[in-house]
Amino acid sequence: CLVRGLGDVYKRQDFIEEHLLESMEILQLVSELNDEFDINITLPYIKPENFKSVESIYNMVQEILEDE
């Protein structure tokens, strides 16, 4: 699993709080995730808590994949 290979610091680094991801970058990331995983990240998923860290992004993608 990709997330398990990362150190705890990087898994939980807060991209939003540390201003590493801004709104336009989140939209770009959504597009890239949609393409990479052949999913459709819909508006209810596009909220800051789903993009705070590698771990939260991974969990969101897993949830979408399970729901499809």
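**View 1. The largest nonpolar core of this predicted model has 12 residues**. Look for Phe15, Ile26, Val30, Leu33, Ile39 and Ile41, which belong to this core together with Tyr45, Phe51, Ile57, Met60, Val61 and Ile64. Two elements, helix 2 (23–37) and helix 3 (54–67), each give two or more residues to the core. Helix 3 provides the largest share, with four residues.

**View 2. Helix 2 packs against helix 3**. Here you can follow the two helix axes, which lie 12 Å apart and form an angle of about 50°. The crossing of helix 2 with helix 3 is right-handed.

**View 3. Side by side, residues of helix 2 and helix 3 meet**. From helix 2 come Leu29, Leu33 and Phe37, and their partners in helix 3 are Ile57, Met60, Val61 and Leu65. Sorted by class, this contact contains seven nonpolar residues, no polar ones and no charged ones.

**View 4. Ile39, a member of the core, and the residues it touches**. Leaving aside residues up to four places away in sequence, Ile39 touches Leu33, Asn34, Val61, Ile64, Leu65 and Glu68.

**View 5. A closer look at Leu65 in helix 3**. Is Leu65 buried, exposed or partly exposed? Its relative accessible area is 35%, so Leu65 counts as partly exposed. Beyond residues up to four places away in sequence, Leu65 touches Phe37 and Ile39.

Notes: Residues are numbered from 1 along each chain as its sequence is written. This is a predicted model: local features need pLDDT of at least 70, side-chain atom pairs count only at pLDDT 80 or more; totals for chains, interfaces and linings use all residues. Side-chain values use heavy atoms; hydrogens and water are left out. A nonpolar core is a set of buried Ala, Val, Leu, Ile, Met, Phe, Trp, Tyr and Cys residues joined through side-chain atoms within 4.5 Å. Buried means under 20% relative accessible area, exposed over 50%, partly exposed in between (1.4 Å probe, protein chains only). Contact means heavy atoms within 4.5 Å. Axes are lines fitted to C-alpha atoms, for helices over the stretch in contact, and angles run from 0 to 180 degrees between N-to-C directions. A crossing is left-handed if the near helix is turned anticlockwise from the far one by less than a right angle, and right-handed if clockwise. Ala, Val, Leu, Ile, Met, Phe, Trp, Tyr, Cys and Pro count as nonpolar, Asp, Glu, Lys and Arg as charged, and the others, Gly among them, as polar.
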